[in-house]
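Subject: Handing over a model, with notes on what was found

Dear colleague,

Please read the notes with the structure open beside them.

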Amino acid sequence: MSRTKLAVIGVGLIGGSLGLCLKDALGDDIYITGLCRSEKSMQKALQLGAVDEASADLASVVGGAEIVYLSPPVLQIVPMVKRILPYLKPGTILTDAGSTKGYVYDALHEILPPSVFYVPGHPMAGREKSGVEAATKDLFAGKAYVIIDDPSVPRDVKERLMNILVHTRANFTTLDLARHDRCAAVISHVPHLAAAALVTLLNRSGDDLDACLKLIGGGFKDTTRIASSNADMWADICMTNKRLIVDALRELQDILSEVATAIEAEDRQTVHDYFTASKERRDGILRDAEQKFDTN
């Protein structure tokens, strides 16, 4: 296997974890350059071994790269591609880790030349911590990783990319753009908003706040864990998948309103059925998912 040059734009949790797993799997067969937000992050990425070279110079980072992995917040992806475009060689593959796909896909297809290929991706992996310090070589292992099904991308381009990404040991699946963004809104974006809402609810408990804090246990911690995620990333996700997120939030509001009405009416059976149905559905979903991949 010839040495591959891969550039990582945004060596944080995702980009750093990619670098760590690929260096662990491929060693000197891959050369990874990285662009970080700060000099401190660059030095940390080098120290951890997530990249072979870190630089603030775009030409040094992406020049000669076969693959450019874009993992900044979603709204920064298109402006960054505009900046690196002059330094990309013909045949370069761009892929990303963005949690929304339609916005980036439409914008990039307006600016990319035919000689540069974009293969949208979304690793369904992460932690509530951010930054390259939180990166781990096993972050993707056993997790779902969506590659958007785009017939316009040549098969050999997809194969070149997958020959590298396969070393993440993720479980790859394909979806079309629209379905990905719909599903991501329901299983990822709205849950993050709901977790943040629960923390906000606690913050609005007024004179009871101190007493509430003394009672916090595993239930609250587990339910709100993802509220500790990166705010820049999640604000960008909301702005770039807004219609589908709002639609799902409205549906969630309707569900909560129905439950509130049943509770207010002291309709125990309806409330009991609500919990029973959700338990059975969740247990069934997890059983099915665990047969396919690790969902932890």
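To begin at the surface, does Ile255 count as buried, exposed or partly exposed? Ile255 counts as partly exposed because its relative accessibility is 31%, where buried means under 20% relative accessible area, exposed over 50%, and partly exposed in between, with a 1.4 Å probe and protein chains only.

Before going further, please note that this is a predicted model, in which local features need pLDDT of at least 70 and side-chain atom pairs count only at pLDDT 80 or more, while totals for chains, interfaces and linings use all residues. Residues are numbered from 1 along each chain as its sequence is written, and side-chain values use heavy atoms, with hydrogens and water left out.

**Nonpolar patch**

Ile255 sits in helix α11, and together with Leu256, Tyr274 and Phe275 it forms a nonpolar surface patch with about 370 Å² of accessible area. Patches are made of residues with over 30% relative accessible area and no salt bridge, nonpolar side chains (Val, Leu, Ile, Met, Phe, Trp, Tyr) being joined within 5 Å and like charges within 9 Å; the areas come from the Shrake-Rupley method with a 1.4 Å probe, and for residues only the protein chains shown count as cover. At least two residues of the patch come from each of α11 (242-264) and α12 (268-292), helices (H or I, at least four residues) and strands (E, at least two) being DSSP runs numbered from the N terminus.

**Second largest pocket**

The second largest pocket has a volume of about 160 Å³. A pocket is an open set of points on a 1 Å grid over the protein atoms alone, where a 1.4 Å probe fits, with protein on both sides within 12 Å along at least five of seven lines, and lining residues have an atom within 4 Å of a point; points are joined across faces, edges and corners, and the volume is the space filled by probe spheres set on them. Its lining includes His192, Trp234 and Cys238, and α10 gives the most to it, with 4 residues. By class the lining has 8 nonpolar, 3 polar and no charged residues, with Ala, Val, Leu, Ile, Met, Phe, Trp, Tyr, Cys and Pro counted as nonpolar, Asp, Glu, Lys and Arg as charged, and the others, Gly among them, as polar.

**Positive phi values**

Most residues other than glycine have a negative phi. Arg169, in the loop between α6 (155-165) and β9 (171-175), has a positive phi near 65°, and Glu266, in the loop between α11 and α12, has a positive phi near 55°. Glu266 is exposed, with a relative accessible area of 72%.

**Salt bridges**

The structure holds 7 salt bridges, a salt bridge being a side-chain nitrogen of Lys or Arg within 4 Å of a carboxyl oxygen of Asp or Glu. In one of them the side chains of Lys23 and Asp52 meet at 3.0 Å, N to O. Lys23 lies in helix α1 (residues 13-26) and Asp52 in the loop between α2 (39-48) and β3 (53-54), so the pair ties together parts that are 29 residues apart in sequence. Lys23 is buried, at 16% relative accessible area, whereas Asp52 is partly exposed, at 29%. Another salt bridge joins Asp283 and Lys279 at 2.7 Å, N to O, and both residues lie in helix α12, 4 residues apart, about one turn of the helix.

With best wishes
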